[in-house]
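This report is meant for a reader new to the structure. It begins with the place where two chains meet and then turns to single residues.

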Amino acid sequence: MVFNSLIFLAFFMVVFLIYWFPLKNTTKGQNIFLLLASYFFYGYADWKMLPLLVGATVIFYFLGKGIATAKSEKQSYWLTFLGVVLGVGALLYFKYFNFFIESFASLFEACGLHTNLHTFNIIMPLGISFFTFRMLSYVIDIYRGKFEPTNDIIAFGTYIAFFPCLLSGPIDRPTFINQLKAARTFEYEKAVDGCRQILWGLFKKVAVADNCATYVDIVWGDIGSQSGSTLVLAAVLYLFQIYADFSGYSDMAIGVGKLLGFRIADNFKFPLFALNIADYWRRWHITLTQWLTDYVFMPLNIKFRDWGNWGMILSIVITFVLIGMWHGSNWTFALFGLYHGLLYIPLILSGAFFKKAKLKTNKLGLPVAKDFGRIVLTFSLVTIGLIIFRAPSLTEMCAYVCGIVNHGIITVPWLPSVIEIGRIALAIVITITVEWLQRNKQHGLELGNVHIATRYVLYWVLIVLTIALGNFGANQFIYFQF
Amino acid sequence: MERNQILAEVQEIFRDVLDKEEIELQDATTADDIEEWDSLTHIQLIVAIEKHFKIKFTSKEILSWQNVGQMLDCIAAK
C-alpha cells in the first residue's frame, strides 16, 4: 500500500475520520485504533510476517521492563545484550544469511575447496531494518538511563509499528512514545502543513523520481551499448531519482503524521546543497545516520579516543561500512559505505570535519562561487557513490565505470523523446528552485507566513504540475526493499 | 575539589575546545544549548577533560550523561 495509491488514500481517510471523530476524546482509544490500523497496514503488505512483528514487540516491551528493574548492573547489561542479539540476529538471519553462505562458498571455491553449502528460501519481512532499529534503540536507551520503560504496551506497540514510518522510516527514537501518551488535539495549522508536505513529497515522487527511473532503468539495463555521456547522465539522474523518491516518501510520512497530530523526526534537510560529504550526511537519511552515530560511532569513538584522528577515522569507516551494509546483502553496499567513510579522511585530517559548514550567498541570493564549487564537488562525489549503490553487482559496477571512461564521454547522450526529457528537466529544475528558496525551512512547501492568495495559487500550480509531469505507474518506493 | 571549581575548569575547557568564549555552563546545560557541541566535539571535550583532571571515564558513564551537571558529578566522584 504505497502512499501515492488510491487504496492508501481510502485507508487513510477511514483512519483519519475514526481517529478524529468517534475517538477524539480518548487517547487510549486513539492509540489502540492506530495500533490496529498499523497492523492492518502491515498485514495488507505482508500478513505472513505480522506474527513476527507482534511477537518481537512483546519481547522487547518486557526486555525494556527487565532492564530497568534488574537487580544488578550485570543483569541489566545481559538483558540489553540479549535484546541486541535478538534484534541484530533477526536482521542477520533475514537479510544476510544467504549472502554469508554464498560468500563463504565462493571463498572456499576460490581456495580450491569444494563445499556443499546451500542457500535457503528466506523471505525478508518488509520494514525489518526499520522496526528492529526502533526496538534496539528502546532497550539501549533504557540501559543507558536515557529513557524510562513504558508501562503502556499499546503505546509501545504503536511506536514500533506506526504505519506512516513502518516500512521505510523515518526511524523515530523512543521519546516518540511520550507523544503517544499525551492527549492530542486537532490543530488546523499543523494538519494543513501536513497536507502541504504530502503534496511536495508526492510531486517529488511522481514527477521527479518516477520519471528519472524510466531513463535510469533503461540505461542500467544495457550498460554495454551506452555512450560514456549517457552513463554520466543516468548517474546524475539516479541521484535525483533516489533523493526525490526517498525524501518524497519521508515528506509524505511526516505529513501523514502531522495529520494525526504527531511530530515525526526529519529525515532530509536539502542534501543537494551540501558543502562537503560530512555536511551531506548531516542532511541525508538523517534518522539512520543519527541512529548509527549514537549506537555505533559514539561507542567506537569513545573506545578509540586516545588514538586521536586515526581513532575517529577508524570509527567512521566502520560506521559507514555498516550504513552501506544496512541497505542489503551485496558487496556493492559495503563498498558504497567504505567509499563514503574514506571520503571523510581529508575532512578529518584538515579539521574541516569539526566545523559546521555554512553556506554563503551573494546579492542575487545564489551561492558564492566558492560554495557553488563545493556543492558541485559534493554532488559529483555522491553521484559516483551512487553508481556503486545502484549496481546489481561489482562486475556491473566496473562495467559502468569502464563504460564512462572508454565509451566516449564527450558525445551527445542518448535522450528519449523531447516530451520525456523536457518533463524530467522541468521537474528537476522546479525541485532545485523550490528547495533552494525553502532551504532554511522544514520542508519544501512550508508556507506558514505566505499570503493566503499566493498560497492557493502555489497549491494549484503544484497540483497541475504534479498531474502534468507525473508518472502514475504506482511505482514502489526504492527504500521498501531495504 | 569543590564542585564550583570543577565547573569553572570544565567551562574553560569547553571554551577552549569549542573555540567560543561566551560559553557559560550550568548544571542543566545540554548539547542542544551550544551549537558547536555535537557528537564529534563531545569526544574532544572528553579527552581534554580526562587529560586535565587526570581521570578516565568508562564508556557507560560517557554515554549516560544527559547534561553538564551529570558530567560534573561524575568528575567529582573520581
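A salt bridge is a side-chain nitrogen of Lys or Arg within 4 Å of a carboxyl oxygen of Asp or Glu. One such pair is Glu35(B) and Lys358(A), whose side chains meet with an N to O distance of 4.0 Å. By this rule, 4 salt bridges cross the interface of chain A and chain B.

The model is predicted: local features need pLDDT of at least 70 and side-chain atom pairs count only at pLDDT 80 or more, while totals for chains, interfaces and linings use all residues. Residues are numbered from 1 along each chain as its sequence is written, chains are lettered from A and ligands numbered from 1 in the order in which they are written, and side-chain values use heavy atoms, with hydrogens and water left out.

**The interface**

There are 7 residue pairs in polar contact between chain A and chain B, both residues being at pLDDT 80 or more. A polar contact is a pair of N or O atoms within 3.5 Å; within protein, one must be able to donate a hydrogen and the other to accept it, and residues adjacent in sequence count only if both atoms are side-chain atoms. On the side of chain A that touches chain B, helix 12 (residues 286-303) of chain A supplies the largest share, 7 residues. Helices (H or I, at least four residues) and strands (E, at least two) are DSSP runs, numbered from the N terminus. That side of chain A has 8 nonpolar, 3 polar and 9 charged residues. Here Ala, Val, Leu, Ile, Met, Phe, Trp, Tyr, Cys and Pro count as nonpolar, Asp, Glu, Lys and Arg as charged, and the others, Gly among them, as polar.

In total, 20 residues from chain A and 19 residues from chain B take part in the contact, where contact means heavy atoms within 4.5 Å.

**Chain B**

Chain B contains 4 helices and 0 strands, in the order α-α-α-α along the sequence. The radius of gyration of chain B is 11 Å, close to the 12 Å that the globule rule gives for 78 residues, so chain B is as compact as a globular protein of that length. The radius is taken over C-alpha atoms, and the globule rule is 2.2 Å times the number of residues to the power 0.38.

Ile49(B) is in helix 2 (residues 39-53) of chain B. Its C-alpha atom is separated by 8.9 Å from that of Glu9(B), 40 residues apart along the chain. Not counting residues up to four places away in sequence, Ile49(B) touches Val10(B), Ile13(B) and Phe14(B), among others.

**Accessibility of four residues**

Buried means under 20% relative accessible area, exposed over 50%, and partly exposed in between (1.4 Å probe, protein chains only).

| Residue | Relative accessible area | Class |
|---|---|---|
| Ile49(B) | 1% | buried |
| Thr287(A) | 5% | buried |
| Phe270(A) | 5% | buried |
| Asp19(B) | 69% | exposed |

Thr287(A) lies in helix 12 of chain A. A polar contact of 2.6 Å joins its side chain to that of Asn267(A).

Phe270(A), in the loop between helix 10 (228-259) and helix 11 (277-283) of chain A, has a positive phi near 50 degrees. Asp19(B) has a positive phi of about 55 degrees and is found in the loop between helix 1 (3-18) and helix 2 of chain B.
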